[in-house]
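Please look over the chain below before reading on.

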Amino acid sequence: MKTGLKITAFAAAVAATFGTAYGVGRGVDPVTAGEQKTAGHAAGGHAKEAQEAQETEKAQDGHAGHGTSAAGAAAVPGGLQISERGYTLDLRTRHIAAAGERTELSFAITKDDTGRKVTAYRTEHGKQLHLIVASRDLTVYRHLHPARAADGTWKTPVELPKAGGYRVFADFTPQAEKAGLTLGADLAVAGKYAPRDLPAASRTADAGDGYEVRLGGGLGAGSASELTLSVARNGKPVTDLQPYLGSYGHLVALRSGDLAYLHVHPNKGGPGPEVSFTATAPSNGTYRLFLDFKHNGTVRTAEFTVHAGQSAGDHPKEHGH
C-alpha cells in the first residue's frame, strides 16, 4: 500500500474511533427557573447543541460538519482539542517555574478566521467561563473562575502543589453561538516529578472537616445512568446545602489516559443530602469524578475513581483513601 493510502486509512480509523466517543449529561438546575434555561451547558447540552450546530452547518454548506452525517457519530469528547468550530484556546501561561508557587494564569479565546479575542460570552451557571486545571495523573484538581479584561484576556491566580504535566480546560459559550465548547491546552510545572497512581475506586470520599460524600449508582458508557452523591458531616446527613453557581452541586468527570472531559449538573432536587446527576461516559474506562458542593459558606470538593461500563455490583470493594 502506498504511503498516502496508508495515512488515509489510518486517519479514517482514528475518525471512526473518536466518532463513537462523546460524553452526555443532562443538567437541570434545581435552584432557579432562569438558570434552568442554561442547564444545556452541561455535557448533555453540549452534545445536543453540537448536533444542532452540525445540522445547521450541513444545511448551509451542503455537507455534514466534521465529516459526519446528521444521524452519524457525535463529536469528539470535550477538552481533547485546542481548537474547535473556529475557536482556539490561546494559553499564554504554558509553564510555571515551581510547584507551590502562586502564579497568574493568562489566556484568551480567539476566533480563528480573524485572530481576534472573543469578548462577548453567554453567562452559564453564574459565570461567562469556567476554567478547570487538572494534573495528568488526576490527583490535582482546580475549578477556577478567571476575570476577563476588556480586550478579551482572561487571568486568574493559581497555585499547583506538584511538578508535572497539567491540562487546562476552558468551558464557555460565545455570545454569537448557541452551542457551548470545552477547549483544552497543556500546562507544565517545573520541578522533580513523582507520578502517583490513581486512587483506588471507592464509594466514599473525605472532603475534609468531617464531611464525607457517598457515591451511589454507576457511570454508564454509551448510555445514560444516574449517579447519586450524598453529603454527610460527622455522620449526620447535610440537609441544607447552599447554591453554588446556581446549583447544589457541580460534577466534572475526566477520563484517565487522555483526560476527555465530561461536565454535568444536577437533576431536580436539593438542598441535600443527596444530589443526583444523569450522565453518559464517552467510553468504557476509568474516570475521576470531582464534585463541588457548598455548605456553611465554603466550597468543597469530593473526589472519586470509578470504572465506566460496570454496574454498581461490578465495582471493586470499597477502599478508604
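Predicted model: local features only at pLDDT ≥ 70, side-chain atom pairs only at ≥ 80, totals over all residues.

A residue is called buried when its relative accessible area is under 20%, exposed when it is over 50%, and partly exposed in between, with a 1.4 Å probe and protein chains only. Residues are numbered from 1 along each chain as its sequence is written, and side-chain values use heavy atoms, with hydrogens and water left out.

**Overall make-up**

- The protein has three helices and 20 strands, where helices (H or I, at least four residues) and strands (E, at least two) are DSSP runs numbered from the N terminus.
- Taking a contact to mean heavy atoms within 4.5 Å, residues 24 or more positions apart account for 65% of the contacts in the protein with a separation of 6 or more.
- The accessible surface of the protein comes to about 14600 Å², and 50% of this belongs to carbon and sulfur atoms; such areas come from the Shrake-Rupley method with a 1.4 Å probe, and for residues only the protein chains shown count as cover.

**Strand pairing**

- Two strands are said to pair if DSSP finds at least two bridges between them, and in this sense β5 (residues 102–111) and β9 (residues 153–159) are antiparallel partners over seven bridges.
- Strand β8 (residues 147–148) also pairs with β9 in the antiparallel sense, over two bridges, and the two form a hairpin with four residues between them, in whose turn Gly152 has a positive phi of about 100°.
- Trp154 in β9 is the bridge partner of Phe107 and is likewise the bridge partner of Arg148.
- An open sheet of five strands runs in the order β4-β11-β10-β6-β7, with mixed pairing; β4 (95–96) and β7 (141–144) stand at its edges, each with a single partner strand, so one side of each is left without a neighbour in the sheet.
- Within that sheet, β4 pairs with β11 (residues 181–189) in the parallel sense over two bridges, and His95 has Ala188 in β11 as its bridge partner.

**Nonpolar cores**

- A nonpolar core is a set of buried Ala, Val, Leu, Ile, Met, Phe, Trp, Tyr and Cys residues joined through side-chain atoms within 4.5 Å; in the largest one, of 28 residues, Val213, Leu219, Leu289, Leu291, Phe293 and Phe304 touch the most other members.
- At least two residues of this core come from each of β12 (204–208), β13, β14, β16 (250–255), β17 (261–264), β18 (274–280), β19 (285–295) and β20 (298–308).
- A second, separate core has 26 residues, including Trp154, Val168, Ala170 and Ala185.
- Leaving aside neighbours within four places in sequence, Leu291 is in contact with several residues, among them Val213, Leu229, Phe277 and Arg300.

- Arg300 lies in strand β20 and counts as buried because its relative accessibility is 13%.
- The side chains of Arg300 and Asp209 are joined by a polar contact of 3.0 Å, meaning a pair of N or O atoms within 3.5 Å of which, within protein, one must be able to donate a hydrogen and the other to accept it, residues adjacent in sequence counting only if both atoms are side-chain atoms.
- Ala221 is found in the loop between β13 (211–217) and β14 (225–233), and counts as partly exposed because its relative accessibility is 27%.
- Ala221 and His307 are 86 residues apart in sequence, and their C-alpha atoms are 9.3 Å apart in space.
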